[in-house]
Structures are given as structure tokens and as C-alpha cells.
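Biologist: Could you walk me through this one slowly, as I am still new to reading structures?

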Amino acid sequence: MALQIISACVNCWACAPLCPSQAIYEASPHFLIDPKKCTECDGDFTETQCASICPIEGAILNSQGMEVNPAGSLTGIPPEKWQSVMAEIRAR
Amino acid sequence: MMELPVIGQSVAAPAKGGCASSSCGSSDDQLSHLPESIREKVHNHPCYSEEAHHYYARMHVAVAPACNIQCHYCNRKYDCANESRPGVVSELLTPDQAIKKTLAVAATIPQMTVLGIAGPGDPLASPERTFKTFEELSRTAPDIKLCVSTNGLMLPEYVDEIAKHNIDHVTITINCVDPEVGAKIYPWIFWKNKRIKGIKGAAILIEQQQKGLEMLVARGILVKVNSVMIPGVNDEHLKEVSKIVKSKGAFLHNVMPLIAEAEHGTFYGIMGQRGPTSAELRGLQDACEGDMNMMRHCRQCRADAVGLLGEDRGDEFSLDKIEAMNIDYASAMEYRAQVHAEIEAKLQAKQEQKAQFVPLSSLHPQRKYRSVLMAVATQGSGVINQHFGHAKEFLIYEASSDDVRFVGHSKTELYCSGGDSCGDEETTLQKIIRALEGCEVVLCSKIGYEPWGALEAAGIQPNGEHAMEPIEEAVMAVYQEMIAAGKLDETEDVAYAHAS
Ligand code: SF4
Ligand code: SF4
Ligand code: SF4
């Protein structure tokens with residue numbers, strides 16, 4: 001069982017020092033979690049630490065491959081609103 | 001024509017010669033109420049002293065990447081928006097690289113007095129990197145002042161560490177003291193191993209900020225408070241914030257405008273929250289003025305800014321260029337001391353000249369003219385020395401019968417970007433004119449024919465006759481010309497009925 005950092009990661013470094021299992025490491029193009037080391041914080045914290053501080057929606061997946069912080073859950077921006085504004089910007 | 005030589009004229013100043021305002025006469029008098037110990041610390045700090053920012057340089061190093069809260073005006077793809085303008089990405093440095101860069105800059109730009117860590121995230125969310133940099137620099141460049149900026153969440157925990165490294169300036173961004181307002185600005189914080197959302201999170205952040213402020217003041221560390229003005233969210237509330245942080249001992253309160261563009265992908269940008277107009281910003285700054293001295297020349301510099309305020313020479317100090325530099329640190333420090341002494345002498349002379357500044361109202365107590373805002377294009381040194389088309393920002397001064405006062409700055413886009421398009425960029429010019437809203441005169445070293453016409457049409461008189469003259473003298477001279485030409489006559493009936 002392990003969490004996974006994917007390409008949305010912006011390399012902000014927030015997660016790495018918090019990991020109780022030293023599972024997170026700097027890599028290119030973005031930080032990664034060593035699945036052999038990740039304990040999902042079990043026994044250390046009630047919440048997975050990396051996913052609790054990560055500011056980027058969709059950057060971390062749980063063991064089922066689901067986004068721990070889906071679109072809109074951290075910024076409060078409704079996903080439809082985001083889509084329509086981005087479409088507007090592209091159309092300019 | 002009236003002849004009103006103002007500077008240096010030996011007319012006995014009246015006992016209370018129009019100096020009701022704390023900023024009378026000298027724009028640096030915003031510091032004059034401060035105890036000597038604080039003035040000593042800030043007089044050569046470009047961010048804290050309006051006077052110093054014309055002469056002294058600062059730099060930021062981007063060593064602290066992480067953050068522990070979310071602000072609605074920030075997108076963590078970019079640098080911390082509390083300190084930088086949004087949409088900027090600084091190159092992250094390791095503490096060792098940052099130390100090298102600082103020493104290289106301090107050797108190349110001897111006007112440098114200040115090194116700050118302000119990002120690209122929250123410096124106290126990466127405490128090891130931040131304090132390693134400070135520790136090393138306080139040893140190798142002891143003449144450089146150190147400062148740090150923070151959202152305040154972790155301040156109480158690190159106050160003692162801050163005191164240990166001899167950091168005597170801390171900036172806290174405080175946007176509210178009411179958790180309900182806070183919940184509209186901060187969607188979540190990371191606190192004691194949990195993400196905490198909404199009012200509960202905002203309440204903790206506010207408590208930590210206030211506690212941190214009190215602890216810093218108790219240790220004699222200077223605290224500046226920054227606030228981001230968000231119209232309809234905290235604009236009215238900031239007046240209360242200003243009162244509270246002042247009563248707790250912050251020595252400066254700096255209100256900055258929200259900058260929100262959809263392109264930045266921030267909550268406010270996407271949701272269409274607007275920033276304040278220049279006039280609204282000045283209005284709030286004025287409203288807070290009675291409570292606290294404001295810092296109107298702040299440029300919201302990027303987390304890796306280098307040079308004088310308003311300029312950025314960061315490109316000269318990329319990592320490979322620093323690597324190639326051969327620096328004698330000891331002699332660089334000696335040279336710095338020499339350059340600083342020369343600047344001090346210059347400022348001293350200016351101060352003495354200003355002491356003889358006679359308010360216009362004392363010469364003509366029967367007449368009180370309305371005040372006039374003027375925009376100035378300058379590249380530093382306190383003189384009018386920039387072409388209108390090369391100005392990326394304008395300093396705004398207010399001339400009145402009592403004094404000439406620096407009231408802020410307006411950022412613009414470059415009017416002249418060179419090439420063929422120069423001169424017919426209608427939209428850019430219109431933007432500049434909007435940024436100069438409320439000003440009646442723009443002073444610059446030179447100006448092209450086309451912008452001249454457009455400015456005049458917008459009711460802003462361009463003036464290139466005072467090139468290379470000291471700003472305040474030139475502004476006063478133009479003000480007097482306006483009086484002499486009868487342009488300010490509409491209020492001539494406002495006589496000093498109660499004058500002695
Ligand atoms: S879930 Fe916990 S153990 Fe796994 S990487 Fe994240 S912080 Fe480390
Ligand atoms: S906190 Fe998120 S964005 Fe930052 S480095 Fe970790 S995974 Fe990447
Ligand atoms: S504190 Fe700075 S980096 Fe953190 S969310 Fe706010 S603006 Fe962004």
C-alpha cells in the first residue's frame with residue numbers, strides 16, 4: 001500500500017520533510033514516493049502527511065489510483081468554473 | 001508672477017508653520033516619530049525608509065520552497081504572492097548557492113545593505129534551509145542586514161531562532177484579525193500534522209500571527225506588517241488590523257494591492273475578484289495613516305530580486321556567472337563601508353537642506369491652495385532622470401501649501417518597448433494614463449510627441465523641464481508655477497480665517 005506523486009507536482013518540497021518513513025525523494029521531473037517505503041503514515045499519523053500539506057490538487061494518488069485531493073477540494077475553485085475560464089483564456 | 005524661492009530662503013519659520021502632518025517637509029519624516037534605536041536600524045534599509053530606497057540596494061534569495069497555508073491570491077506553481085507579484089517563478093537555490101550569490105552581489109553592488117529571504121514559499125515552512133543561510137551570512141558578511149518574511153503560522157515556534165541569528169527585521173503578512181474574514185482569504189492551513197479548512201484554520205493562523213508579532217516585539221526585533229487589500233473582503237477591515245498591529249508594536253504597516261488575473265490560476269483570479277484601483281489603494285493608505293506610518297514605496301519585489309527597489313539585476317547573477325566571478329570578500333566589505341559612508345553624507349546634506357524648507361503656507365498664510373498629485377519618472381538617486389517611455393513605474397508625490405509628500409507609486413507597462421511599434425501602442429499608453437489617474441502633472445527627463453498629446457488630452461500635463469533636478473524641489477517648483485498661473489485658484493476663497 002502506497003501513495004504516488006504524479007506529474008501535477010510542482011516540486012514545492014513541502015511533503016518530503018514530513019514523511020515519517022523517508023519515502024519521498026527529490027527526482028526529475030518531480031518528487032517521487034518510494035512505494036516500498038511508504039507506510040501511508042500508518043501508526044504515525046491519522047492523516048497521510050504528504051497529501052495533507054500538498055497544495056496541488058491531483059498531484060498525489062492513493063493506493064487505488066484516486067486523487068487524494070481532487071479538483072476544487074483545496075482551492076475552492078469549482079472545476080466547471082476553472083474549465084470555462086481556461087477555455088476563455090485559450091480563445092483570446 | 002510670484003517669486004517664491006522656497007529652499008534655503010531665510011525666513012523665520014512660524015512656531016507651528018503648517019507642520020500638522022507627521023510627514024511634513026521631508027518624505028523621510030515618516031520615520032521621525034520612531035525611537036532613535038529603530039531609526040538607526042532602518043535609516044539605510046531601502047524597504048523601510050523612503051529616503052534610503054533611492055540610494056541603497058537590497059536582494060532576496062529564494063531558498064525556502066515549501067508553504068504551510070493556502071492564500072486565495074496564490075498559486076503554488078509560482079512564488080509566494082505575499083512578497084512577490086503573482087505569476088513569478090524564482091530559481092530555487094540551496095543555502096550554499098544562496099550564500100555565494102549574496103556575497104557576489106554584495107561585492108558587485110556596493111550600495112547593498114539588506115538580504116532578505118521571502119520565498120519562494122514561506123521561509124518558516126523550510127526552517128532548516130532558511131536558518132542555515134542566515135547563520136552563514138551573519139558570519140561572512142556581518143555588515144549586511146538580514147530580514148525574513150512570513151505568513152506567521154510558525155512564527156511563535158521560531159522567534160528564538162530568529163533572535164539568535166541576529167535578524168532584526170521581520171515582515172508578517174496579516175490580512176485580517178477576524179476568522180470569518182480569514183476564511184474568505186485562506187481556504188486551509190497545515191497545522192499539527194493535519195490540514196485544517198475554513199474558519200477553524202483561519203482562527204489558528206490569526207492567533208499565531210498575533211502571538212508571533214507580540215513575541216518579536218518583546219525581543220526587540222522590528223516588525224513590519226504587510227496586508228493585501230482585497231476589495232469587498234478585507235478593505236474596511238484593514239483599518240482595524242492597522243490599529244491592532246500598531247498597538248502591539250509593529251513599526252510599519254504596508255498595504256499592498258491585490259493583483260488577481262485569471263491567467264495566474266489563483267482562486268481570486270479565476271473567480272473574478274478584482275484588485276483595488278490606485279485611487280482606492282491610496283484612499284485606504286490615507287485612512288490608515290493616522291494609525292500608522294505607511295510604506296508607500298514597496299514594490300512587491302520577487303523572491304530573487306537584486307538591486308535598487310524598482311530595478312532587478314538578477315540576470316547578472318545567475319549561478320554560472322557567479323561561479324566565474326573572482327571575489328575578494330574582505331576588500332569588497334571595505335569598499336561597501338566607504339560607499340555607504342558617501343551615501344550617508346549625501347543624505348545628511350539633503351536633510352540639512354530640508355530643515356530650511358519653508359512651507360509655502362507660512363509665506364502666504366492668507367492663501368490655502370488645494371493639493372496636487374504629480375507623477376515622477378526616476379531611476380533612483382532622488383532626481384528626475386528617466387524618459388517617460390522607459391518608465392516601468394512612476395512615483396507619486398503630493399504637493400500642497402505645506403509640503404511635498406511621497407504618497408506611492410504606480411506600476412505601468414513599458415510605453416516604449418522599442419522597435420516600430422513604439423509610439424503607436426495605444427492600449428499601453430491608455431493603461432499608463434489609467435495608472436496615473438488623479439495626477440495632474442507627470443515629470444520626466446524626456447517625453448515623445450505622441451504620449452505628450454495623449455497625456456494632455458487626459459488632463460495630465462507632461463513636463464520635461466526639470467530633468468536631473470531633485471524630485472521634491474522640482475515638484476514644489478511646478479506647484480508654484482501652477483499657483484502663479486492661476487491654475488489652483490478655484491479654492492482661493494478658503495482663507496485662513498482662524499490664522500493667528
Ligand atoms: S503517505 Fe505518509 S509514508 Fe507515504 S509517502 Fe506520504 S508521508 Fe510518506
Ligand atoms: S507537496 Fe505536492 S507539489 Fe509539493 S513536492 Fe510534494 S507532491 Fe509535489
Ligand atoms: S503564504 Fe505565500 S506561498 Fe504560501 S500560499 Fe500564501 S502567498 Fe502562497
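Biologist: What classes of residue make up the shell around ligand 1?
Modeller: By class, that shell has eight nonpolar, four polar and one charged residues, where Ala, Val, Leu, Ile, Met, Phe, Trp, Tyr, Cys and Pro count as nonpolar, Asp, Glu, Lys and Arg as charged, and the others, Gly among them, as polar. Please keep in mind that this is a predicted model, in which local features need pLDDT of at least 70 and side-chain atom pairs count only at pLDDT 80 or more, while totals for chains, interfaces and linings use all residues. Residues are numbered from 1 along each chain as its sequence is written, chains are lettered from A and ligands numbered from 1 in the order in which they are written, and side-chain values use heavy atoms, with hydrogens and water left out.

Biologist: And which residues come nearest to ligand 1?
Modeller: Of the 13 residues around ligand 1, the nearest are A:C19, A:S21, A:C38, A:C41 and A:C50, and a residue is near a molecule or strand if one of its heavy atoms lies within 4 Å of it.

Biologist: OK, what about the shell around ligand 3?
Modeller: That shell has seven nonpolar, three polar and one charged residues, and the residues surrounding ligand 3 include B:C67, B:C71, B:C74, B:C80, B:R76 and B:N151.

Biologist: Switching to helices, how do helix 2 and helix 3 of chain B pack?
Modeller: Helix 2 (residues 95-108) and helix 3 (residues 127-140) of chain B pack at an angle of about 35°, with their axes 9 Å apart. Axes are lines fitted to C-alpha atoms, for helices over the stretch in contact, and angles run from 0 to 180 degrees between N-to-C directions; helices (H or I, at least four residues) and strands (E, at least two) are DSSP runs, numbered from the N terminus.

Biologist: Which aromatic residues pair up in helix 3 of chain B?
Modeller: B:F131 and B:F134, which lie three residues apart in that helix, about one turn, form a tilted pair, 6.5 Å centre to centre with 55° between the planes. Rings of Phe, Tyr and Trp (its six-membered ring) pair if their centres lie within 6.5 Å, and planes under 30 degrees apart count as stacked, over 60 as edge-to-face and the rest as tilted.

Biologist: Is B:F134 buried or exposed?
Modeller: B:F134 is buried, with a relative accessible area of 0%, and B:F131 is buried too, at 6%; buried means under 20% relative accessible area, exposed over 50%, and partly exposed in between (1.4 Å probe, protein chains only).
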